[in-house]
Amino acid sequence: MQYGTVKKGIFQERPNRFIAHVTIDGEPVICHVKNTGRCRELLVPGAEVWLEQGTNPKRKTPYDLIAVQKGEKLINMDAQAPNKVFAEWAREFDPAATSVRPEYTYGKSRLDFCLETQSGLHLVEVKGVTLEENGHARFPDAPTERGVKHLHELMRAVEEGHRASAVFIIQMEEVVDFAPNDVTHPAFGDALRKAAAVGVEIVAISCHVKPDSLTVLERIPVRL
């Protein structure tokens, strides 16, 4: 996926989940943070960040914060990007797909995608991953009861004869593996292991990150 006009800034502070104070060429700017997660290890004062300039002149915040430099690693932290990346990659992920339907209602949940094939439905839930510890990608960075609910829906889908996948889009490159963050939310890790045990495919994909783009790179090992 490709962004529009992108500028470099320096992060100052994040007074709430939705906005950040940034400087661009020394000038203070208030921007929208496209990720409501904690991201405490990323958004530290003085960090180099990348902002996409908005196209709506009536917006209160002229920029969206989309990426941050963490040491030598550039990390995309746009929460909307993983679904856009998967949509572009979906037919490569499942070559049998004849159509790709986003935001598919199944049971009591709205799953991210339904890939329709001649042999049946392939239901997919996509999660973006921005947490990295010593080269290991982890999810979630905060408790997510919604994420646990989605995994149970995928399990039910398998029980009803459908194919189901949980796809973790790692919004960075050069990571060793992926594992659930049991320290932060043990219930999610338990649900992910149960899902794998009943036949839900657990997939982790690293991405090539540039300030103005995010592209699928390669599958990485999943450690459950």
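The model is predicted.

**Exercise 1. Find which strands pair with strand β1, and in which sense.**

Solution. Start at β1, residues 6-13. One partner is β2 (residues 19-24), which pairs with β1 in the antiparallel sense over three bridges. In this pairing, isoleucine 10 has threonine 23 of β2 as its bridge partner. Next, take β4, residues 48-53: β1 and β4 run antiparallel and are joined by five bridges. Here glycine 9 is bridged to valine 49 of β4.

**Exercise 2. Describe helix α1 by its span, its kink and its buried residues.**

Solution. Helix α1 covers residues 81-93, which is 13 residues. From first C-alpha to last it reaches 17 Å, close to the expected 18 Å. Now look along the helix: a kink of about 45° is centred on alanine 87. Last, list what is buried, taking under 20% relative accessible area as the cut-off. In α1 these residues are Ala81, Pro82, Val85, Phe86, Trp89, Ala90 and Phe93. To read the spacing in such a list, recall that an α-helix has 3.6 residues a turn, so residues three or four places apart point the same way.

**Exercise 3. Which residues touch the most other members of the largest nonpolar core?**

Solution. The core has 47 residues, and those with the most such contacts are Leu65, Phe168, Ile170 and Phe178. Helix α2 (residues 145-159) gives the largest share of this core, six residues. Apart from this core lies another, of 24 residues, with Trp50, Trp89, Ala97 and Val167 among them. Then follow phenylalanine 168: beyond four places in sequence, its contacts include Lys127, Phe139, Phe178, Leu192 and Ile205.

Terms used: Residues numbered from 1 in each chain as written. Predicted model: local features only at pLDDT ≥ 70, side-chain atom pairs only at ≥ 80, totals over all residues. Heavy atoms only, no water. Pairing = 2+ DSSP bridges. Helix = DSSP H or I, 4+ residues; strand = E, 2+ residues; numbered from the N terminus. Core = buried A, V, L, I, M, F, W, Y, C linked by side-chain atoms within 4.5 Å. Buried < 20%, exposed > 50% of the residue type's maximum accessible area, 1.4 Å probe, protein only. Contact = heavy atoms within 4.5 Å. Expected span 1.5 Å × (residues − 1). Bend = angle between axes of the 7 residues up to and from the residue.
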